[in-house]
Amino acid sequence: MSTLGTQVGTGDRAWWMRRSFATLLCALAALYTLMPLVWLLFGVTKTLPDLYGSNGFAPSGGFHVLDNIRDLFAQDGGLYGRWLLNTAIYAFGGAAVATLLSVAAGYAFDKFEFRGREKWYGLVIAGVLVPHTAIVVPMYLMMSEIRMTDTMWSVLIPVMVNPFGVYLARAYSSGAIPNELLESARMDGASELRTFFSVGLRLMGPGALTIFLFQFIAIWNNFFLPMVMITNNDLFTLGQGLFTWNTGVGQNPDYTRMVVVGSAVATIPLILLFIPLQRRWRAGLTEGGIK
Amino acid sequence: MFPRRCHATLRSILTTAAAGALLTSCALTGGSSDDGPTTITYWSWISGSQEIVDRFNETHDDVQVDFQLIPGGGDGGYAKMFNAVRAGKAPDIMTVEYPQLNSFITQDLIQPITDWDVEELADQYPEWTWELVSPSGDEVYALPKDVAPTVLFYRADLFEEYGLTPPETWEEFRATAERLQEQRPDAFLTTFGHNDSGLLSALAWQAGAEWFDTSSGEWSVNTTDENTRRMASYWDELIADGLVTSEPMYAEKHITDLQQGRSLTLIGAPWSAANLSRFLPELAGKFDVAPMPRWDDEPTAGNFGGSTMALPVGSPHPDAAMEFARWVSTSPDAVAAAAPVSTAYPANVNLQETWATEVSSVNEWVEGMNLPEVTSAAAQEINPAWEWGPDMTESFARLGNATSARAGQPGGLERAITGWQDTVVDQLRLRGYNVAD
C-alpha cells in the first residue's frame with residue numbers, strides 16, 4: 001500500500017509541476033499582453049498632469065473618461081472621428097473584397113482542373129512570402145503614375161488582395177465542400193457561378209469569416225501603406241493620425257493625452273467586432289481542422 | 001439606340017475638352033477670382049495653427065486656407081515636405097523652423113519670396129531673425145512667424161521659501177543651486193535636458209559660440225571654440241556635483257520633478273509657458289520668469305525655437321499663399337487667435353504689444369508673470385552672428401545621439417559637443433557641401 005501511495009504521490013507531483021509550469025508560462029504571456037492594455041485603461045481616466053505624475057497601474061484622483069473622450073473628438077476640429085470612419089471604410093471595404101476574392105480563388109484552385117493549376121497556385125503562395133513593406137514603395141510609384149496617391153483607392157486597392165487568404169480558402173474548401181454536392185448542383189442544371197454562390201460560398205462561410213477577420217485586423221493596424229500613400233489629413237487612418245499627434249507633443253503636450261485616449265478608443269471597434277463573431281469563428285476553425 | 005449613345009459620348013468628350021481648355025486658360029491668366037475664393041493648403045504642426053487658420057478664414061473672402069496637421073518637423077514632417085516637393089505635390093505654404101531653412105534653400109525646396117515685396121517688412125523683425133530668413137543677404141526665403149529668446153522660468157514661491165533670488169550670472173546660478181541643496185538635499189535647481197539639441201545650441205548661442213559660418217564662401221563648422229567649451233564644461237561640473245539633474249526634457253521624470261517641486265527652474269523660451277501650463281495647471285501663479293543668467297557683464301540671450309512661413313517650390317497658388325503668410329507674420333489678429341493655446345512670441349516687433357496683452361489676459365498661467373518685459377528685453381540681446389548649418393535635422397539627430405551616449409560621464413557633454421564637429425564635417429562632405437578645413 002505504501003509503495004502504491006508513493007507512486008501516486010510522485011505522479012501527482014509531476015503532473016502538478018507540469019501543470020503549474022504551464023500555468024506560469026501562460027500567466028507571464030497574459031501579463032505581457034494585458035499590462036499595456038491595463039495601463040491604457042487607467043490612462044483614459046487621467047488628466048495630462050496625472051498621466052505623468054501618478055502610477056500608471058492605479059487610478060488617480062478624479063475620473064475624467066467623459067472629458068477625455070469629448071476632448072478627443074473635439075481636437076483639431078473633430079479629426080479623430082474622421083480617422084475612425086476612414087479606418088472603418090478601409091477595413092470593412094478592403095476585408096470584404098479581399099475575402100470574396102480569396103474565397104473565389106481558393107474554391108477555383110480546389111474544385112477546378114485547369115492547365116498549370118499548381119504553378120498558378122505556387123505563384124499566389126509566393127505572394128505570401130513577399131513582405132508587405134517591400135512592395136509599398138513600388139506600389140506608391142505605380143499609384144503616383146496613375147495619379148491615385150492621396151485618394152482612398154490608393155489604400156483600398158492594395159488591401160483588396162490577400163494571398164494567404166487564398167491559401168486558407170483552398171484548404172477550407174477541400175474540407176468543407178464535398179465534390180458530390182457540387183456534382184449534384186451541376187446535374188440540377190446550376191451554372192458554375194450559381195453553384196459557387198449558392199453552394200460553395202455558403203459552405204465556406206466560417207472559413208470566409210476567418211479570412212475576413214484576419215484581413216480586417218491587418219488593415220485596421222496597417223500603418224506603413226497609408227503613411228506612404230496619404231498626405232491629406234482627412235483621409236488618414238487612426239494609426240497615422242495618432243502617430244502625427246504623437247510627434248506634436250513638443251508643440252502641445254496635450255497630444256499625449258489625446259494619443260492615450262485615442263489608442264484606447266481605437267481598440268473598441270475590434271473588440272465589438274469580435275464578440276458577436278467569436279462563436280462562429282471558433283466553430284469554423286475546428287470544422288476546417290477535422291477531416 | 002446605338003447612334004444616340006455614340007452621340008452622347010462624343011458630346012461628353014467635347015464638353016470635357018472644352019472644360020479642360022477653360023481650366024488651362026484660367027491657369028494661364030492666374031486667376032479664379034470670379035469662381036469664389038482660392039483654397040490653399042497649409043502644412044504645419046505648430047501649436048495654434050488651427051486657431052490662426054480659422055481666424056483667417058473668418059476674416060477673408062478671397063483666400064481660404066485648408067490646414068493640414070503634419071508630423072513634427074524632425075519626427076517626419078520635414079521628410080514629408082522633402083518628398084512632397086520633389087514629387088511635385090507641394091502644399092501652398094508650410095512651416096519651416098529657423099535651423100532647417102538652410103537645408104531647404106540649398107536643396108532648392110523653397111523659393112525666394114523677394115518678389116512679393118517682403119523687403120519692406122525687414123525693419124519689423126529683429127536683425128538676427130531677418131538674417132536667418134535671408135542668409136545670403138539678397139534673396140528672402142521665408143517670413144518669420146515666431147521667435148524664442150531664452151528665458152528662465154522659476155518657482156517664485158519656493159525661491160522665496162528658501163531665501164533664493166533669480167541668479168543673474170551662471171556663477172550665481174551655481175551658488176544658488178548649492179544654497180538650495182543645503183536646505184533641501186533632494187531638490188535640484190534645474191533639469192538639464194542633455195538630449196535636446198535645440199536647447200544645447202541655444203545655450204551655446206547665448207555663450208557667444210558661432211557653430212556655423214559661411215562668410216568664407218564655404219561652410220565652416222566650429223564647436224570646439226572657447227565659448228562652447230566653457231558652456232559645456234560648466235554643465236558637466238554641475239551634473240557631476242549633483243547640483244542639477246540630467247534627464248530628458250518633458251519626459252515623465254522631469255514632469256514629476258516639476259510637479260513635486262524637486263526641479264525648481266526651467267530653461268526655456270516664451271512658448272514653454274504654454275507647455276508648463278498644461279503639465280502643471282495647479283501651479284498657476286507659482287512660477288515667474290527671469291532673464292537667462294549670463295556669462296559676462298554684457299547681457300545676451302540665445303534663441304530656442306521659433307518658426308517661419310516658407311513657400312515651397314511648386315506651390316500651386318503662390319500669391320494666395322503669400323497673402324496668408326504675410327497676414328500670419330504681421331497681423332495682430334493672428335497673434336490674438338493663437339493666444340489661448342500658444343505662448344509663442346511673435347517675431348514681428350509690431351505685434352509684441354498685442355501678444356503681451358493677449359497672453360496675460362487669456363492664459364491664467366501667464367497672468368501676473370513678468371513674461372512680456374523679460375522676453376522683449378531678451379529678444380533684443382540675441383547674437384546676430386549665429387548661423388545654422390545646411391542639414392540641421394540630421395546634424396541635430398547626431399548631436400542628440402552623442403550627448404545621450406555620454407550623458408552623466410565626467411566631461412561627457414564637452415566631449416560630445418566638441419567631437420560632434422568632426423561628425424558634422426563628415427556628414428556635410430558626404431552630402432556634397434563644400435566644407436572648410
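**Figure 1. Polar contacts across the interface of chain B and chain A.** In this predicted model, 11 residue pairs, both members at pLDDT 80 or more, are in polar contact across the interface of chain B and chain A. A polar contact is a pair of N or O atoms within 3.5 Å; within protein, one must be able to donate a hydrogen and the other to accept it, and residues adjacent in sequence count only if both atoms are side-chain atoms. Salt bridges between chain B and chain A number 0, a salt bridge being a side-chain nitrogen of Lys or Arg within 4 Å of a carboxyl oxygen of Asp or Glu.

**Figure 2. The side of chain B that touches chain A.** Strand S2 (63-69), helix H10 (252-259) and helix H11 (270-279) of chain B each supply at least two residues of this side. Helices (H or I, at least four residues) and strands (E, at least two) are DSSP runs, numbered from the N terminus. H10(B) gives the largest share, 4 residues. By residue class, the side of chain B that touches chain A holds 13 nonpolar, 6 polar and 5 charged residues. Ala, Val, Leu, Ile, Met, Phe, Trp, Tyr, Cys and Pro count as nonpolar, Asp, Glu, Lys and Arg as charged, and the others, Gly among them, as polar.

**Figure 3. Extent of the interface between the chains.** Chain B and chain A contribute 24 residues each to the contact, which means heavy atoms within 4.5 Å. About 2,000 Å² is buried between chain B and chain A, 55% of it on carbon and sulfur atoms. Buried area is the accessible area (1.4 Å probe) that two parts lose on being put together, summed over both.

**Figure 4. Two domains of chain A.** The domain assignment, automatic or from a database, gives domain 1 (2-44) and domain 2 (65-289) of chain A. Their centres, taken over C-alpha atoms, are separated by 35 Å. Domain 1 of chain A brings 4 residues to the contact and domain 2 of chain A brings 6 residues. The area buried between these two domains is about 490 Å², with 82% from carbon and sulfur atoms.

**Figure 5. Confidence along chain A.** The mean pLDDT (the predictor's confidence in each residue, from 0 to 100) of chain A is 88, and 92% of its residues reach 70 or more. Where pLDDT is low, the predicted coordinates should not be read in detail.

**Conventions.** Residues are numbered from 1 along each chain as its sequence is written, and chains are lettered from A and ligands numbered from 1 in the order in which they are written. In this predicted model, local features need pLDDT of at least 70, side-chain atom pairs count only at pLDDT 80 or more, and totals for chains, interfaces and linings use all residues, while side-chain values use heavy atoms, with hydrogens and water left out.
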